[in-house]
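Trainee: Could you walk me through reading a few features of a model like this one?
Mentor: Gladly, let's look together.

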Amino acid sequence: MPASTPAPAPGRSTPESPTSRILRASFATEEAVYGVILVAGLIAVSGVHGATSFTVFATVMITVVVFWLAHLYAGTVAGHGLAHDRIVGIRESFRAAFRRSLGLLLSALIPSSILLLGTARVIDDRATIWVALWTCVAVLAVLGFVAFQRRGAPWPIRVLGSLTTAAFGVVIIVAKALIH
């Protein structure tokens, strides 16, 4: 019989795995917000001319991966060298850039999965584009809420932060509606 993990002492939390720490640190970051806005813009522009959900998905994924790699490269180069009277090696710089930039890549997963539902014909192509766009708004709202929650803001400020962050996605939707 496997040994059970002892319960944490009162007032202490269980230790986080390295993967959990990286994911938590990548969520509600400027890179994650930027990534969702990038995805929303790409969906809006790609879907204007009646493109299929697969075409929009491919455009989004290729563009997001290229932006992420460029962000990772730029962060690695910028962080490498002398920092606060010490030398930062290329590996350390890469790891830090990877942690910071991961939100940009991860933020594309939820709206992209919606686009895959359209590709699989679970949702109509036209509806898929709109559902993916509104999903971006919802993800932005969550990112805004979590960002203000982490800073210990009272709940009305969290809600205001959530609405403000989501407004960036709404602006893209309005632009798409006007262009379409």
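Mentor: Start with Ser-53, which is buried at a relative accessible area of 0% (buried is under 20%, exposed over 50%, partly exposed in between, with a 1.4 Å probe and protein chains only). This is a predicted model, where local features need pLDDT of at least 70, side-chain atom pairs count only at pLDDT 80 or more, and totals for chains, interfaces and linings use all residues. Residues are numbered from 1 along each chain as its sequence is written, and side-chain values use heavy atoms, leaving out hydrogens and water.

Trainee: With which residues is Ser-53 in contact, leaving aside neighbours within four places in sequence?
Mentor: They are Leu-115, Gly-118, Thr-119, Asp-125 and Thr-128, where contact means heavy atoms within 4.5 Å.

Trainee: How do I read a pair of aromatic rings?
Mentor: Such a pair is described by the distance of the centres and the angle of the planes. Rings of Phe, Tyr and Trp (its six-membered ring) pair if their centres lie within 6.5 Å; planes under 30 degrees apart are stacked, over 60 edge-to-face, the rest tilted. By this rule the count here is 2 aromatic pairs. Trp-68 and Phe-98 are edge-to-face, 6.0 Å centre to centre with 70 degrees between the planes. Trp-68 lies in helix α3 and Phe-98 in helix α4 (residues 90-106), so the pair ties together parts 30 residues apart in sequence. Helices here are DSSP runs (H or I, at least four residues), numbered from the N terminus.

Trainee: Is Trp-68 buried or exposed?
Mentor: Trp-68 is buried, at 12%, while Phe-98 is partly exposed, at 28%. Ring pairs also link Trp-68, Phe-94 and Phe-98 into a cluster.

Methods: Helix = DSSP H or I, 4+ residues; strand = E, 2+ residues; numbered from the N terminus.
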